[in-house]
Amino acid sequence: MRIVVLVSGTGSNLQAVIDAVANGVLPVEIAAVGADRLGTYGVERSANAGLETFEVNFKDFGTRSDWDAALLEKVASYSPDYVVSSGFMRIVAPDFINAFEGRYVNTHPALLPSFPGAHGVRDAMAYGVKVTGCTVHFADAGVDTGPIIAQTPVDVLPEDTEESLHERIKLAERELLIKVLGDLAHG
Ligand code: GRF
């Protein structure tokens, strides 16, 4: 199973996938790692791991649709079986969803459909929930919408900050993402 992973930031969840592949735990080939901007640590750590990387820098494109087309063309050029959004902070165009229908997997640090969007951890804390968690789902053209594949609950502790809670969620998120990718690889 060939995957392309998309990141916008540090890529710590991606690192867990890279490690799982390297350790033989995950029977997946990471065809490439791409970002929507320049200079992400996610791309840097991928290059350090000897992986193919690319950047389709949003700011280099005059229009949103030009960027959409460039991203689709680049990702498709690797012929992935699945595309994984791992901290990729952009909504992709309907053409992208159509091209990878049922094959575009996203991770989110909350129990969807609660708390979608860029601040899932903060919003869950602000609401005062006592349990939140993470979701791995097939993404559609909405914001963190699409069929849920798997979820893990994570308790919110009284002493939690957004950072401490997000770190604990990410531990669960990594495990869940690797499990889901393994399940997909095994059909
Ligand atoms: C993850 O919690 C992801 O779900 C969210 O951003 C975080 C990415 O962290 N959208 P990292 O880049 O893997 O460190």
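At what angle do α1 and helix α2 pack, and how far apart are their axes? In this predicted model, the angle between α1 and α2 (residues 41-48) is about 20°, and their axes lie 9 Å apart. Angles under 35 degrees count as roughly parallel, so α1 is roughly parallel to α2. The crossing of these two helices, α1 and α2, is right-handed.

The crossing of α5 past α6 is right-handed.

Helix α6 covers residues 162-185 and holds 24 residues. From its first C-alpha to its last, α6 reaches 33 Å. That span is close to the 34 Å expected at 1.5 Å a residue. Just after α6 comes Gly-187, with a positive phi of about 80°.

Helix α6 also contributes to the largest pocket, supplying at least two residues of its lining. The volume of this pocket is about 770 Å³. The lining comprises 37 residues, and those closest to the pocket centre are Gly-87, Phe-88, Met-89, Pro-109 and Ala-118. Three other elements, α1 (12-22), β5 (104-108) and α5 (120-127), each supply at least two lining residues as well. By class, the lining has 19 polar, 11 nonpolar and seven charged residues.

Note on methods: Residues are numbered from 1 along each chain as its sequence is written. This is a predicted model: local features need pLDDT of at least 70, side-chain atom pairs count only at pLDDT 80 or more; totals for chains, interfaces and linings use all residues. Side-chain values use heavy atoms; hydrogens and water are left out. Helices (H or I, at least four residues) and strands (E, at least two) are DSSP runs, numbered from the N terminus. The expected span of a helix is 1.5 Å times one less than its number of residues. On a 1 Å grid over the protein atoms alone, a cavity is a set of points where a 1.4 Å probe fits but cannot get out, and a pocket is an open set with protein on both sides within 12 Å along at least five of seven lines; lining residues have an atom within 4 Å of a point. Grid points are joined across faces, edges and corners, and a volume is the space filled by probe spheres set on the points. Ala, Val, Leu, Ile, Met, Phe, Trp, Tyr, Cys and Pro count as nonpolar, Asp, Glu, Lys and Arg as charged, and the others, Gly among them, as polar. Axes are lines fitted to C-alpha atoms, for helices over the stretch in contact, and angles run from 0 to 180 degrees between N-to-C directions. Angles under 35 degrees count as roughly parallel, over 145 as roughly antiparallel, 65 to 115 as roughly perpendicular and the rest as oblique. A crossing is left-handed if the near helix is turned anticlockwise from the far one by less than a right angle, and right-handed if clockwise.
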